[in-house]
Structures are given as structure tokens and as C-alpha cells.
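Please keep the sequence and the structure open while reading.

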Amino acid sequence: MSDGLWHSSSSWCRCDMLTRRRNKTAILCFTMVAAVLIGQAIISVSTAEAELANTTSSTGELQALIDQAHPGERIRVPSGVYEGSLILSKKITLEAETEGSVSIVNANPNTRSVIHIAADDVKISGIQIINESPSKIPALLITGDRTVVENMNIQTASQGIVLEDANDGQFRSNIIQWSDSAADRAVKLFDKGNGIDLYNSHRNIIRDNTIQRVHDGIYMENSDDNRLTFNVIEHSRYGIHSMYSKGAVIQNNQGNFNYTGAMIMASREVELTGNVFRKQSENVNSQGILIFQVQDSLFKDNKVIGNRVGLYLEQSENNRMENNEIANNFIGIQLLGARDNLITGNTLSGNVTETLAQDSANNSLDRNYWDSFQGIDTDGDGISNIAYAINPFFQGLIKERPAFQLFFQSPSMVFLEGLYQADQNTWTSDEEPLMVPLTSDQTSGQKASSTASGLIGAALLILTLSILQWARRRE
Amino acid sequence: MVNDAVHIAVREMKMGFRNPWSYSFMGLFGLFMLCLLLINNGGYVEGYSSITGTMLNLILYLLPLMTLMLGAFSLTGDKEDGSWELLSSYPLRTLSFILGKFAGLAVVLFVLVSFGFGLSAVMGWITGRGLDAHTYILLYGYSISLALMFLAVSFLIGTVAVNRWQALTVAVAVWFFAIIAWSPLLIAVLGMMPYGWIKPSISVFTLFNPAELSRIFAVVKLGGGSVLGPQYYDWVRWIRQPMGSAGYIIAILVWVGASTGLTHWLWERGRAR
């Protein structure tokens with residue numbers, strides 16, 4: 001979808017260029033019949049280049065327009081491709097005359113950013129930024145407060161939007177992607193820039209953005225009380241990454257095919273609710289949600305499906321994990337040195353192994369649904385009378401010697417775990433496991449037709465029976 | 001020579017399909033695949049998940065044991081009822097005999113596994129609890145390769161064992177060692193070694209256990225390679241490529257070739273006496 005947008009907005013100039021180029025060539029053919037073929041080729045190429053230069057203008061004129069504007073003025077940028085960079089240092093509104101028809105292209109590594117919003121109350125919308133600079137300069141640098149950025153299309157070969165000491169801004173419905181041409185340069189994920197990067201920036205609203213193929217989708221450092229809602233982040237390193245931040249509200253976002261969906265580290269009072277993280281399973285360190293050194297936070301109503309680890313919780317205290325759906329992951333929940341957390345009402349189903357836990361006995365891990373556990377409910381209150389205890393053997397083994405992780409869920413390891421029953425009172429356990437899941441909607445089971453395998457099966461059956469018949473007839 | 005081998009293979013198949021053991025194993029495997037289907041209450045299944053993980057393990061419990069017993073019994077049976085003595089009085093090459101028997105038993109096993117897989121897929125299709133085609137083909141290929149490698153092992157057992165009882169004992173011992181005792185043994189032995197030796201040792205040992213080799217291949221191909229941890233990252237990346245499948249097929253061929261070769265050498269030595 002977003003690829004289409006990007007193509008449609010830039011293709012007009014290419015088409016225009018091509019038709020003119022053809023015309024020129026045709027004229028040249030008619031008038032210069034005797035011209036040598038090589039000479040003709042050289043001439044046609046050079047004219048084409050001249051045409052391209054005519055359709056592209058410098059940002060100088062645009063910058064002059066901005067500098068002359070009165071504070072509060074609205075500037076409508078005429079359609080076209082502008083080369084260079086811009087600085088917006090007064091309160092103005094900058095918008096494309098027709099949305100998607102204005103491109104600002106920058107390949108110069110010696111600028112601070114492609115567009116720098118240095119004043120408060122600036123609004124910018126509907127403009128495409130193509131940031132081809134290989135050095136780490138942002139497409140959009142924001143150092144003013146109350147900035148509104150919407151409907152922007154950012155193709156970057158380094159950073160996307162960077163906020164430095166910028167508060168109370170709004171970032172809505174933008175598309176931020178790793179530039180197609182930059183992708184050809186086979187850049188490693190760790191050398192890419194972030195989609196939206198917040199440093200010491202508070203109370204911003206980031207909503208409905210689509211971010212793809214970058215380093216971290218949304219990265220927050222020392223930034224408090226930001227609201228991240230309805231964003232979609234895919235094929236990046238971390239979808240949402242919070243460091244040393246407090247009070248973030250992360251709601252209804254989606255993360256697919258990233259290394260890790262949401263990585264919340266050294267943060268406090270985070271509210272992560274209603275998000276969906278699917279298929280973070282490719283990397284050996286992949287997780288749906290990773291929580292490390294986090295306190296007093298709420299993780300509720302999230303769906304983590306098909307990840308390497310659904311929910312990973314380490315060295316964190318006083319958090320609440322409620323009503324999350326943790327399904328079809330390789331490891332459902334992994335707890336390491338987690339204390340005093342409330343983990344309740346979660347539904348664990350279809351995970352290869354539901355839980356790995358070590359040094360995490362002091363959590364209140366009650367009333368969750370574990371689909372591999374066969375409980376017994378004698379009084380009919382929907383709660384099992386026997387506890388679900390998490391065997392710490394494998395987690396302990398691989399922490400000491402990670403090479404043994406190769407035995408993950410092998411028959412012999414399952415057998416060995418069954419033998420290990422020591423110190424059961426120190427095991428992490430759910431004393432009141434639920435008999436039926438709280439969230440019963442079947443979003444986790446990927447419903448699709450099994451017709452193909454059914455047909456292959458039928459063919460196999462027919463083949464088998466005919467071999468049997470043939471062998472018996474020959475007797 | 002090829003003709004002789006074909007004759008032996010056809011004879012082996014006839015005997016195999018007359019053998020009540022084959023049918024009871026076929027029934028057991030079919031029933032068991034149906035049970036797996038019933039456990040799968042989540043519906044459609046794709047990739048490495050609890051249901052495919054369980055399937056991998058349950059196939060690993062049942063199929064190697066069945067294969068070891070069928071293969072080893074077939075060879076010791078020929079020794080016990082005198083048919084090998086009779087055959088060796090003909091101008092029949094030992095290699096034709098071994099290859100013919102291997103091919104015949106491979107077809108019997110193929111029918112056995114295909115019946116179980118076919119039945120479960122058709123039932124799954126009807127009841128709406130099926131597998132995605134890619135996952136299904138992977139599991140099927142995994143089972144066939146597992147059967148072939150353990151058939152090769154069973155030929156060695158059938159060669160070494162004097163009679164069926166001995167073959168049964170050795171088959172169960174080998175099965176227990178390869179499937180159940182594998183990780184406890186390696187953890188105990190490698191735990192005493194310096195840390196840096198563990199990973200290379202496990203990697204080499206895995207090549208010598210067809211059960212582990214095929215399990216790891218299946219887990220990686222189902223997309224679960226990342227769960228094996230950072231230590232095996234390069235391995236996993238390699239297996240995921242088409243080259244990985246080629247490597248696995250070569251591993252199967254080496255296994256089958258080496259153990260039928262060894263079997264042939266041992267039989268030839270016995271025949272010379």
C-alpha cells in the first residue's frame with residue numbers, strides 16, 4: 001500500500017522525462033539522418049539530463065518563501081521536486097498544494113537534516129521527504145514544541161523523524177520507510193536509523209503511523225508521558241523501544257516480523273494495552289514483548305502470537321500482566337528474576353512450551369489458562385484444585401550452558417524434565433489455574449483451508465491401498 | 001545383479017505385507033496420527049507450534065522403534081528359518097540380497113507411514129482440523145527420512161544379532177539410547193568437559209544420531225530455528241536455505257550407504273566362512 005503511494009507520487013516526473021526524451025530522439029532522427037549512431041546516443045542522453053534538471057528545482061526559492069512569511073501564515077507548496085534542505089524557524093503551516101505531489105530530496109551529507117523544525121507551533125503535512133544522505137541525518141528534525149506532522153511520506157536512508165527536546169507534538173498518519181534505493185545497498189539492520197526517535201521529548205501523541213524496515217520503529221529515551229496508538233511497525237529491529245522513560249501509553253499498536261515487538265527497558269509506569277505482536281520469531285533474540293528492569297507498569301489485553309518468546313520478563317517488579325492472549329509462540333512466557341508481579345487472567349495456548357521460569361517464585365501467578373495443563377475442578381467454580389507448577393530444569397540448564405538449548409523440547413529433554421522434581425516449593429506456580437480461557441475468541445488459530453493437505457493425503461491413501469492390492473494379488 | 005535385487009525386493013515386500021506385525025504397526029501409526037489430530041483443537045496448524053512440536057516428538061517415539069523391529073526381525077528371520085542358507089547356495093551376490101531387502105522394507109515402511117499420514121490428512125480435511133500443506137509435507141518427509149535412517153540402523157542390528165530375541169533386545173536398547181537417554185547422557189558427559197567443547201561436541205554427536213539430526217532439521221524447516229539459541233545461529237541459517245535440504249539428503253544417503261555397506265561387509269564375511 002505504502003509502496004504504491006511512493007511510486008505514484010514520484011512517477012510523473014519520470015514519465016514526463018521519458019516522453020520528452022522520446023520526442024527529442026525522434027526529431028533528431030528526422031533532422032539528422034546522416035548522424036552517426038554513437039553521436040546520436042550522446043546527444044539524446046545529454047538532452048534528457050537537461051530536461052530532468054528543469055523539472056527539479058532547488059529548495060532555495062521555497063526557503064525564501066518561508067523566510068518571508070509572517071508568523072501564523074499558511075504556505076502551500078506547489079507540486080514539484082525540490083532538492084536541498086529547509087529550516088522552519090517560525091510558527092507557520094507548510095503543506096503540499098496537492099497531497100503527495102511535493103517531494104523534497106536531499107543527498108547532501110553536510111546538512112543537519114532535510115527539514116528542520118526549529119520553532120514552536122509549526123504544522124507540516126502532505127509532503128514527501130526523500131532522504132538519500134548516507135550519513136545519519138534525520139529526514140525531519142524537530143526541536144520546537146507543539147509541532148503537528150501529518151500525512152507525510154518519508155523515505156529515508158538514515159533517520160526518519162527525530163525529536164530533540166520537543167514536547168506536546170502530534171504525529172499522525174505518516175509513512176516512514178527505509179528508502180527503496182538505499183535498500184539496494186544491503187545495509188545491515190543495525191546500521192539503519194530509527195523511524196521516530198524521541199530524546200528528552202515529552203507528552204507527544206504518535207498515532208496511525210506506518211513504519212517499515214528501519215532500526216527501531218519508535219524509540220523513546222528519557223521521554224515521558226508519550227502516547228503511542230494505532231501504529232503499525234514491521235520488518236524492523238524493535239517495533240517500539242522505550243529506554244529510561246516513564247508514563248508511556250502504548251495502545252492498539254501492531255508489530256509484525258520485527259526482531260522484537262515491544263522492548264520496554266529501564267522504564268516505569270508504562271501502560272501497554274491492546275497491542276498485537278505477531279511473528280517476531282526469526283532472530284535468536286526475538287520476543288513479542290520484552291520487559292527488562294521495568295516497574296509499576298500495566299500490560300493488558302495484548303495479543304502475542306507466533307513469536308519466539310511471547311512475553312519475556314526479567315528483573316522487573318510490581319507490574320501487572322492481565323488478560324493477554326499468548327498463543328502459538330515457541331515459548332509462551334519466560335520469567336527471569338522477576339518479583340512481585342501480578343500475572344493473571346492470561347490465556348496461554350498452542351505454545352511449544354508454555355513457560356520457562358527461574359528465580360521468579362515471588363510473583364502472584366494465579367488464575368491463568370494453560371492449555372497443556374489438565375486441571376481437576378471438583379467444586380465446579382472454573383478453577384482447578386491442583387496447581388500448575390513450572391519446571392525450572394531446562395531454564396536452569398541453558399542459563400549455565402546455552403549450548404544445551406539444542407535439546408529444546410526434544411523427547412529426551414521432556415523425559416529428563418519429568419524426572420527432575422526437586423524443591424517443588426521453590427518453583428514458580430499457578431495455584432489456581434483456570435479451566436477455560438477468559439478470552440475465548442479464536443484469533444490465534446489461523447483459520448485457513450486444509451484442502452491442499454487433504455488432497456495430498458487422499459492421494460497418499462490411494463497410492464498406499466493400490467500398492468497393498470498389487471502386493472496381495474502377486475501372492 | 002539388478003534383477004536379483006528386484007526379485008529379493010519383491011519377495012521382501014510380499015513377506016512384509018503378509019507379516020501381521022506390519023499391519024499392527026500400520027494400524028497403530030494410523031490410530032496415533034488420528035489421536036494427534038484430535039488433540040489439535042485449535043484448528044488449522046502452520047509452522048512450529050505446540051501441535052507440530054508434539055507431532056515431531058510422538059513420531060520420534062513410535063516410528064524408529066517400529067522400523068528397528070521390522071528391519072532387524074526381517075534379517076534375523078532369514079537367518080533363523082534357513083532362507084539365507086538356501087539363497088546363498090545360488091549364484092546370488094550378497095549386495096543384491098542386502099539392497100533388495102532394503103528396498104523391499106523401505107516400500108513397506110513407505111506404505112505404513114503414507115497410510116497414517118493419508119488417513120489423518122483426509123480426516124483432518126473432513127473435520128476441519130487439518131495442517132497447512134507445507135507443514136504437512138515437511139512432517140511427512142521427516143517421517144520418511146527418519147524411517148530410512150533407522151532402517152539402515154536396523155540392518156546392522158539384524159546382522160549382529162543371532163536370533164529375533166537378541167534383535168529385539170538390541171533394537172530396544174538402541175531406541176532407548178537414541179531417543180530417551182540421548183540428552184541426559186550428553187549433559188552428563190559434556191557437563192564435565194570445558195565449556196568451549198560443549199557446542200562442537202554436541203554438533204558432531206548429533207550427526208551420529210539420526211533421531212536428533214532429523215528432529216533439528218524439521219524444527220528449523222518449520223521456522224523454529226531461533227529457539228535453539230544464539231549458539232547455533234549459523235547452523236540454523238544454513239539449514240534454512242535450499243542447500244540445507246540438499247545437505248540433509250546427503251546426510252541420509254551417507255547414513256544409508258555407510259550402514260548398508262557395513263552390513264554387506266559383515267554378511268560377506270559370514271558367507272565366506
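What percentage of the 475 residues of chain A count as buried? The share is 55%, where buried means under 20% relative accessible area, exposed over 50% and partly exposed in between, with a 1.4 Å probe and protein chains only. The model is predicted, so local features need pLDDT of at least 70 and side-chain atom pairs count only at pLDDT 80 or more, whereas totals for chains, interfaces and linings use all residues. Residues are numbered from 1 along each chain as its sequence is written, chains are lettered from A and ligands numbered from 1 in the order in which they are written, and side-chain values use heavy atoms, with hydrogens and water left out.

**Chain A overall**

- Chain A holds seven helices and 40 strands; helices (H or I, at least four residues) and strands (E, at least two) are DSSP runs, numbered from the N terminus.
- Of the contacts in chain A between residues at least 6 apart in sequence, 46% join residues at least 24 apart, a contact being heavy atoms within 4.5 Å.
- Chain A has an accessible surface of about 20100 Å², and carbon and sulfur atoms account for 52% of it; accessible areas come from the Shrake-Rupley method with a 1.4 Å probe, and for residues only the protein chains shown count as cover.

**Sheet from strand 2 to strand 35 of chain A**

- An open sheet of 12 strands in chain A has the order 2-5-8-11-14-17-20-23-26-29-32-35, with parallel pairing; two strands pair if DSSP finds at least two bridges between them.
- Its edges are strand 2 (74–77) and strand 35 (342–344) of chain A, each of which pairs on one side only.
- Neighbouring strands of this sheet are turned by 5° against each other on average, direction ignored; axes are lines fitted to C-alpha atoms, for helices over the stretch in contact, and angles run from 0 to 180 degrees between N-to-C directions.
- Within chain A, three bridges link strand 29 (residues 298–300) and strand 32 (residues 320–322) in the parallel sense, and A:Phe299 lies opposite A:Met321 in strand 32.

**Sheet from strand 4 to strand 37 of chain A**

- Another open sheet of 12 strands in chain A runs in the order 4-7-10-13-16-19-22-25-28-31-34-37, and its pairing is parallel.
- Strand 4 (86–88) and strand 37 (353–358) of chain A are the edge strands, each pairing on one side only.
- From one strand to the next, the twist averages 10°.
- Helix 5 (residues 393–400) of chain A packs on this sheet, where it touches strand 34 (331–336) and strand 37 of chain A; the direction of helix 5 makes about 60° with that of strand 37.
- Strand 16 (residues 196–199) and strand 19 (residues 216–221) of chain A run parallel and are joined by four bridges, with A:Asp197 opposite A:Tyr219 in strand 19.

- Chain B comprises 12 helices and zero strands.
- For its 273 residues, a compact globule would have a radius of gyration near 19 Å, and the 20 Å of chain B agrees with this; the radius is taken over C-alpha atoms, and the globule rule is 2.2 Å times the number of residues to the power 0.38.
- Among the 273 residues of chain B, 56% count as buried.
- The buried residues of helix 6 (residues 411–419) of chain A are A:Pro411, A:Ser412, A:Met413, A:Leu416 and A:Glu417.
- Their cover includes helix 5 of chain A together with helix 3 (50–80), helix 7 (164–180), helix 8 (182–190) and helix 10 (210–224) of chain B.
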